Amino acid sequence: MSDIGLYARRLGDDALILGQRLCEWCSNAPVLEEDLALANTALDYLGRARLLLSYAGSFDGKSEDELAYLRGEREFENLLLMELPNGDFAFSMARQYLLDVYEGGFFAALAQSSDEQLAAIAGKAAKEVAYHLRRSAEWLRRLGLGTDESNARTQAALDELWGYTAELFEMDALEERLAAAGVAVDRRALEADWRAQVTRAITEAGLQVPETAWSVRGGREGVHTEYLGHLLSELQYLQRAHPGLSW
Amino acid sequence: MAETTEDLEQAFEAKIAAEEKIEPKDWMPEAYRKNLVRQMSQHAHSEVIGMQPEGNWLTRAPTLKRKCILLAKIQDEGGHGLYLYSATETLGVSREELIDALHEGRAKYASIFNYPSLTWADIGAIGWLVDGAAIVNQISLQRTSYGPYARAMVRICKEESFHQRQGYEIMVELARGSDAQKAMAQDALNRWWWPSLMMFGPHDAESAHSAQSMLWKIKRQSNDDLRQKFVDQTVPQAEAIGLRIPDDALVWNEARGHYDFGEIDWDEFQRVIRGDGLCNRQRLRHHKQAHDDGAWVREAMAAYAAREENV
């Protein structure tokens, strides 16, 4: 597969894996309105996954479903944050907020890509992210300033999530090559703005910016948490049980 | 001069007779109000509980396209629930009270959702049959006498016809697929057919609320008439894709211009309503668990709203 295909595929993996996680919220949200909002967000991610995986597959004649359903754990290159179990509502919302800020910067930059297809997908994603961010930023504030319990839960979520954020701003050889060619986003360049924006929001919500005590990485190399395999078992079950059929 | 209760009742009856809608601020008999709260909240609960059997296949949907369509559909159902709760609130009862009634077993939801969704074909069968049956009922309810309920139905019917089609499409695809897929489709039809017929409720003569509801025009067509309509429209759809409806007595009756069909197992109907369905306890426990798990979030929302007001 070409560099661009591999790049589109890993971005598709990001969208697919978080989209699948968000599906797990269905019928489990604290209020019905949030059930609908979480489904909306999931639909945006799954729609984005379809566009990116279709594009990735176009480089070597594979369908979006072959890429989503017939690869194993080591072939997925999503960022680790995407695959972490949902946890409580505070955990899911804090993750969403950290990612929304990241994706806001990321897709704005990717919309300038020299690859027209990626630029077009990013343009659409940027609009969705703007809406996601408005919502998750409100929730961060609401939970941070709500009750002692909501504050404590959100703080615990941030503390746990923090170690997975370093990976958002690291580049590997593939992305370096593509960034030099004007195709990929230089994610290192997003970090300062992200840190400033996130620090401000966390502080204003009455929460503490976590200490950087530990950090893990590996998603882009296909080295994942143990959670991913279980997510894929569920996602891929029917295609694996009945290979090669049309549904 | 103050109006007497008799005057108010007369005005109410005149409106019903003239096919005018009753609106939230209009006077209405307490029994009419109670009957509506019962029916509308049951309808709302059904939409929300119905998210569970379909959600059961969301993370296992066989293609990304099917997953997106299913998620959009389930989201619609949640939206219908929200819309119906709001319509019910116009009768002076809060959503919180309605949910408490559900959790305490004082309010019901459609008993069909006490059956399990075991295979992917069940997602097809639920859309095709369960939504199909719901539409027949809801089209009729577009003419119900309570304004907010009638208007909710108009909107809901538009979306339900998409749902029915997505379910049928799943069945079409399975019916022309591998032997295993065909068997999966037939098995789902076998299990969902009779419960779908039960959705219309008991025969007219045995229906607890029917007579009064018809007089008040809350209900516009009888259970048996609606059931017949559903059978008549669904049989050709099954034939078109080579699936067999599990009823040996099913036959076209030229003289009546309708299909004759076998007797429903009313013992099973009563058993499942009373609690003997495979999923009765699971559905309620799931709903209650999500609600309880979310209590701290709702408290935070309230505390934050109060804080903002004071700023």
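The model being predicted, local features are reported at pLDDT of at least 70 and side-chain atom pairs at pLDDT 80 or more, while totals for chains, interfaces and linings take in all residues. Residues are numbered from 1 along each chain as its sequence is written, chains are lettered from A and ligands numbered from 1 in the order in which they are written, and side-chain values rest on heavy atoms, with hydrogens and water left out.

Salt bridges come first. The term covers a side-chain nitrogen of Lys or Arg within 4 Å of a carboxyl oxygen of Asp or Glu, and a search of the whole structure turns up 40 of them over all chains. One of these pairs A:Arg48 with A:Glu103, at 3.5 Å from N to O. A:Arg48 sits in helix H2 (residues 32-58) of chain A and A:Glu103 in helix H5 (residues 89-110) of chain A, so this pair ties together parts that lie 55 residues apart in sequence. Helices here are DSSP runs (H or I, at least four residues), numbered from the N terminus. Both partners are tucked away: A:Arg48 is buried at 3% relative accessible area, and A:Glu103 is buried at 4%. For the record, buried means under 20% relative accessible area, exposed means over 50%, and partly exposed is in between (1.4 Å probe, protein chains only).

Another salt bridge in chain A joins A:Asp88 to A:Arg153 at 3.0 Å, N to O. A:Asp88 belongs to the loop between helix H4 (80-83) and H5 of chain A, and A:Arg153 to helix H7 (residues 148-162) of chain A, so parts 65 residues apart in sequence are tied together. An α-helix has 3.6 residues a turn, so residues three or four places apart point the same way. Salt bridges can also join up into a network, as happens with A:Arg10, A:Asp14, A:Glu77, A:Asp172, A:Glu175, A:Arg187 and A:Arg220.

Next up is the interface. Counting contact as heavy atoms within 4.5 Å, 48 residues of chain A touch 45 residues of chain B. The two chains bury about 4100 Å² between them, with 70% of it on carbon and sulfur atoms; buried area is the accessible area (1.4 Å probe) that two parts lose on being put together, summed over both. A:Leu32, A:Leu36 and A:Trp247 supply 17% of the area that chain A buries against chain B, more than any other three residues.

As for charged pairs, 2 salt bridges are counted between chain A and chain B. A:Glu33 and B:Arg95 meet in a salt bridge at 2.4 Å, N to O. Helix H2 of chain A gives the most to the side of chain A that touches chain B, with 12 residues. That side divides into 25 nonpolar, 11 polar and 12 charged residues, where Ala, Val, Leu, Ile, Met, Phe, Trp, Tyr, Cys and Pro count as nonpolar, Asp, Glu, Lys and Arg as charged, and the others, Gly among them, as polar.

In the largest nonpolar core, which has 165 residues, A:Leu16, B:Tyr32 and B:Trp120 touch the most other members. Such a core is a set of buried Ala, Val, Leu, Ile, Met, Phe, Trp, Tyr and Cys residues joined through side-chain atoms within 4.5 Å. Neighbours within four places in sequence aside, A:Leu16 is in contact with residues including A:Leu46, A:Phe76, A:Leu235 and, from the partner chain, B:Leu64.

Over in chain B, the buried residues of helix H5 (residues 95-103) are B:Arg95, B:Leu98, B:Ile99, B:Ala101, B:Leu102 and B:His103. Their cover includes H2 of chain A, along with H2, helix H4 (64-89) and helix H12 (280-293) of chain B. Just after H5 of chain B, B:Gly105 takes a positive phi of about 80 degrees.

Definitions and conventions. Helices (H or I, at least four residues) and strands (E, at least two) are DSSP runs, numbered from the N terminus.
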